[in-house]
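Subject: Structure handover

Hello,

Here is the structure that I am passing on to you. My notes on it follow below.

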Amino acid sequence: MKFLLQYLKDYKKESILAPLFKMCEAVFELLVPLVMAAIIDQGIADGDTSYVIRMCIVLVVLAVVGLIFAVTAQYFAAKAAIFSAAKMRKDLFCHVMDMSAASHESMGTSALTTRITSDINQIQNGVNMFLRLFLRSPFIVLGAMVMALIVDVKATLIFVGVIAALAVVVYAVMKSTLPIFSGIQRKMEKIFLAVGENLEGARVIRAFGNQEEESAAFADSTQALYGDQMKAGRVSALLNPVTYVIVNLGIVVILWFGSTQVNQGMLAKGEVVALVNYMSQILVELIKLANLIVLLMRAVPSIGRVQQVMELQADERIYTDKEVEGTSTQGAPAVEYQDVSFCYPDGSEPALSHLSLTVSRHSTVGIIGGTGSGKSTLLQLLYHRYDVTEGQIRINGQDVRSYTREELSKLIGVVPQKAVLFHGTIRDNLKMGREDVTQEMLEEAATAAQADNVIAAKQDGWDEEVLQDAMNFSGGQRQRLTIARALAGRPQILLLDDSASALDVATDAALRKAIRDLTWQPTVFIISQRASSVMDADWIVVLEDGVCVGSGTHETLLRDNEVYQEIYYSQFPKEGQQ
Amino acid sequence: MEKNKTSRQTEVIKRVLVELRPYGKHMLASLVCAVFTVWFTLLIPVLTGQAIDCMVGSGDIRVDALVMILKRMAVVVAGTFFFQWAMNRINNYITYHITRDMRRKAFDQMLVMPIREIDSHSHGDYMSRIATDADVFSDGLLMGFTQLFTGVLTIFGTVFFMVRLSLPIALVVIILTPVSLLVAKFVASRTYAMFQLQAKHRGVQTAYADEMIANQQVVSVFSYNEKAKEVFGELNDQLADSSLKATFYSSLTNPSTRFVNSLIYSGVGVAGALLAIAGGITVGGLTSFLGYASQYSKPFNEISGVVTELQNAIACAARIFEIIDAEPVEENDTNRLEDVKGQITFEDVAFSYEPSKPLIEHLNLRVMPGQRIAIVGPTGSGKTTLINLLMRFYDTTGGRILIDGVDIRTVPRTNLREQFGMVLQETWLKEGTIRQNLLFANPNATEQEMIRAAKTSHAHEFIKRLPKGYDTYIKGDDGNLSQGEKQLLCITRLMLALPPMLILDEATSSIDTRTEMKIQAAFATMMEGRTTFVVAHRLSTIREADVILYMQNGKVMEQGNHEELLQMNGYYAKLYRSQFALEK
């Protein structure tokens, strides 16, 4: 709650005035039955026509003033709800953008997106309705009771009884249906999932002839949903009829009680009519109140979920101070791994253990190994995606952890395994918001990445739109563009994480040649499954299960290293083997 | 155009009626309940007025009459309770039943719908049809229907009761009615445009957030974070602006209709009071009138919402019926395949996905039982299409395919597919435990058989390392399993149910070459005596095939074994050399 209040604080005026104005509107509404009572008991009883007309003008004035108050209140409520939610959304997005990979993964992409979109929408709706109704509805319900008190003290007891009975009924219905509703939600998700899964796996399901099983499983899920819906329906079908009965029986009691009071001259007829009217007003407001409660019930967990993300530490990584000036000596190697070990937060076995590696400037390192051998991890530690668990990684003699994110992104060009492009033009994608990247640099990078003909082939060239999920580019084209994106900033260190897998052998070779010929001579790391991609590197590291099982040049490894031999010969069968 | 739309709507409505027919009795019962509910509800103000009239003044109360009236009120209230409750229950029954049945029908249809349909439609669209549209349809239809019905009944009932009480005052109300409608319409039309704008802005923002969050690591690597925040901020301001307008305008509905209602109420008040002074109506009569007037605009509000809701429901219904009423694929069961040897013949087969672009033409092929056929060629050459045709995911447009001399179009699809075991490049696993997935094809396999299969496929080692071993729960798009591990699971799944013929379409593409070498032995045993089709990139897998088909543009360019093709010195030889003569 405190979390929400801190956002409403900036709209204090609106948040207070909205309910207050709604309350004023309610007051005017509550006055109507009294005016009507006066018309009956004075106007009609005395046959005073001008009094009747005066009172009716009063009614119209009450309506107009009520309208003005209501409209103002709606505006304030909408403004407070929408702007505070907008601020929350922005803050949340910024927080997510600052997250480290570990924090991000602990929540998951889809969870984070739902927090920002649907959860905050729920909160916005909840706040809006709350500001509008939380004073109005209870105020009318209680106000009707107070008005009854003004008319007749004893009649108030009837109101108290009715309101108490209503409260019990509404509470009981809510309490017994809410858990069923969350069950219904879960079962709906299951149905959604089942449909998607069956479309995705249509070929496999049909190949194995499992249609009947799938159909039966779906029938079960729909039956379970149906059962829950009927269960919830049984209870909620009672809500309207029961509240109706309570209020109308209340009216019967008022009429009976009123008649005895009229008989004794304690009440006028018009006042009995007013009491009946107050009772009817309660019924109308009560339904609104019940809807409000349902809405709030949905919004409150959303607040909790948003807060959970906001309170999650965005970045658990360590940033050390820059070491004393001069330690980044000119002679220091480009990259040094010193006895580096790494464990993923949820992994028990180390993904990388006791790795040491020195890479001199302008050289090329190939990294090869099977699935899950730790190749990508090795590079991810270099650009400080994670903290090393043990040991140290130095770039130009300085600990990786002493660089800021901006410094590292200038220093290192990364081509991730998954070739992701963003919505926008090709130029936007290659530039990635970097002001210092000129068109000339872009073109040079595109040529080196073998992407120049990809761009030239597009109708709009550099201004060609990249559609959602880059559907208008093939896998190989995407990879070349992501390589160009990394090259455009002319980084000192270039990391290629299996980023040529979709390229044919000739393009792959041309790409490696172009990178070797780059004028600014970056230090290059190449990860690959293909022996052909790494065999001309200056140094090759062979990884298996997170351990470096050998390193050297292609020739020495092929002579001495068993794992490398196995990999190599699985791709290049020995001559005359067959 | 407009006419077309209406006639399509009429068609859908007719179709909906067919769906509703089994519930005819329920609908009728619901309508009867609605009539009684409305009638009883409208009786209350009359009875209240009569009760007031029993109170003439101090010391002058007609007690007997009053008691009678109050008793009647109690009975009417009890009646309302019963009918309203019964109506709610019946409506729930109809709604939930129809939704459930429509979902099942659509789902079953989906299971037999031509693969062509599934391939060419967005899956998200089908998902929302079966999950969301079914709900909107039944909710909208029923709510819309009952609200429309009770709304109209209430309006006519109210007017009827008012005219009976006093014609002049009733006229005041009737004359003021259009004002109420106009106001509601005015607000609704303004709001609609605002909501559309809001929906648009929201869509853009969601897409942006989704893109940036999903690819946050790339964003981070390029230090694009601050820029992303800036863009998001702009989109956010835009959204806040349109949201404010939409929310504010839509929130005018209630106060403004309440205002109109107050005007009607005042009108009734002044007309009634003046008439009462003239002796034309009793105070009780006036009370009844005020009771009606205070609730008069409610049915109008409801009805104005109902029309859009019904239209929406019909649109949803049309979308679901498109699935349910799709032409079922024809089944021909003149023959059955039994004890298949695995002789496969393609006779002058032709096929195309689009009639204007012929893909496969005059394809002839003879495969002897137990042979291994490797299919190679550039992307788009028709390798996967061949498999689609064999499994009858698609049917040939010309010629025929025979298995053991039987035309595959003369056997039921399930019977045909039973004869093939398949591993595809795109791994598909169910959400469930590893065990459930492995036993997918053969639920009767024992634990030992399962573990043995996993060991042969080298999946056992990584399964063992998972938190709960074989009971680890995996989700379809689980990031915890690598693509290669998923392929190993698919291979294990196949090993537990081995039909006479196999199809391996890039089955090991994501498995590293060393592991692949290790499971070669397992593959060899698996393929022993089984006619096998292999699509692969890696020539090492292909060399050992009995027949290699080199395909290009839907045609088999070369056919023969490795040595023969090398000697032919054509496409295959060229491909082979480009892969092996690297960097020499």
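Two residues are in contact if their C-beta atoms, placed from the backbone, lie within 7 Å. Among contacts in chain A between residues at least 6 apart in sequence, those joining residues at least 24 apart make up 78%.

This is a predicted model, in which local features need pLDDT of at least 70 and side-chain atom pairs count only at pLDDT 80 or more, while totals for chains, interfaces and linings use all residues. Residues are numbered from 1 along each chain as its sequence is written, and chains are lettered from A and ligands numbered from 1 in the order in which they are written.

Chain A overall

Chain A has 20 helices and 12 strands (DSSP runs numbered from the N terminus: H or I of at least four residues for helices, E of at least two for strands). Its C-alpha atoms fill a box of roughly 120 × 60 × 50 Å along the principal axes. The radius of gyration of chain A is 36 Å, whereas a compact globule of 578 residues would have one near 25 Å (taken over C-alpha atoms; the globule rule is 2.2 Å times the number of residues to the power 0.38). Of the 578 residues in chain A, 45% are buried (20 or more other C-beta atoms within 10 Å of the residue's own; exposed means 12 or fewer, partly exposed in between, with C-beta atoms placed from the backbone).

Contact between the chains

Chain A gives 117 residues to the contact and chain B gives 110 residues. On the side of chain A, helix H9 (residues 211–263) supplies the largest share, 26 residues. That side has 65 nonpolar, 37 polar and 15 charged residues (nonpolar: Ala, Val, Leu, Ile, Met, Phe, Trp, Tyr, Cys and Pro; charged: Asp, Glu, Lys and Arg; polar: the others, Gly among them).

One residue: Ala78(A)

Ala78(A) sits in helix H3 (residues 49–97) of chain A. Is Ala78(A) buried or exposed? Ala78(A) is buried, because 26 other C-beta atoms lie within 10 Å. Apart from neighbours within four places in sequence, Ala78(A) is in contact with Asn128(A), Leu244(B), Thr247(B), Phe248(B) and Ser251(B).

Domains of chain B

An automatic or database domain assignment sets the domain bounds. Chain B is divided into domain 1 (1–165 + 298–327), domain 2 (167–280) and domain 3 (428–498). The C-alpha centres of domain 1 and domain 2 of chain B are 25 Å apart. In chain B, 6 residues of domain 1 are in contact with 11 residues of domain 2.

Regards
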